[in-house]
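Have a look at the picture before reading on.

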Amino acid sequence: MTLQRARQLLATQASFGSGYQRNGARLILAEVAKEHGQAEADRLIRELSLDEIFGIQVGTFVAK
């Protein structure tokens with residue numbers, strides 16, 4: 001998944017802001033961390049304020 005596509009999907013999830021979208025956002029971030037590294041996932045969390053919207057903290061996703 002490209003970072004641009006991940007950003008679009010996460011923005012859509014954030015616009016709805018419910019618990020179901022939180023799970024979707026977590027899956028997207030896990031994929032970003034796996035493909036692009038933790039730093040990129042953290043950057044998207046900060047950029048889209050996912051910590052405020054969903055309570056997702058920076059450093060949550062560890063790429064394996």
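This is a predicted model: local features need pLDDT of at least 70, side-chain atom pairs count only at pLDDT 80 or more; totals for chains, interfaces and linings use all residues.

Residues are numbered from 1 along each chain as its sequence is written, and side-chain values use heavy atoms, leaving out hydrogens and water.

Start with α1, which has 14 residues and spans 20 Å from its first C-alpha to its last, close to the 20 Å expected at 1.5 Å a residue. (Helices are DSSP runs of H or I with at least four residues, numbered from the N terminus; the expected span is 1.5 Å times one less than the number of residues.)

Now, which residues of α1 are buried? They are A6, R7, L10, Q13 and A14, where buried means under 20% relative accessible area and exposed means over 50%, with a 1.4 Å probe and protein chains only. These residues sit on the same side of α1 because they cover an arc of only 130 degrees around the axis, judged by the directions from the helix axis to the C-beta atoms. On the other side of α1, S15 and F16 are exposed.

What do the buried residues pack against? Their partners are α2 (19-36), α3 and α4 (50-53), with contact meaning heavy atoms within 4.5 Å.

How values were computed: Helices (H or I, at least four residues) and strands (E, at least two) are DSSP runs, numbered from the N terminus.
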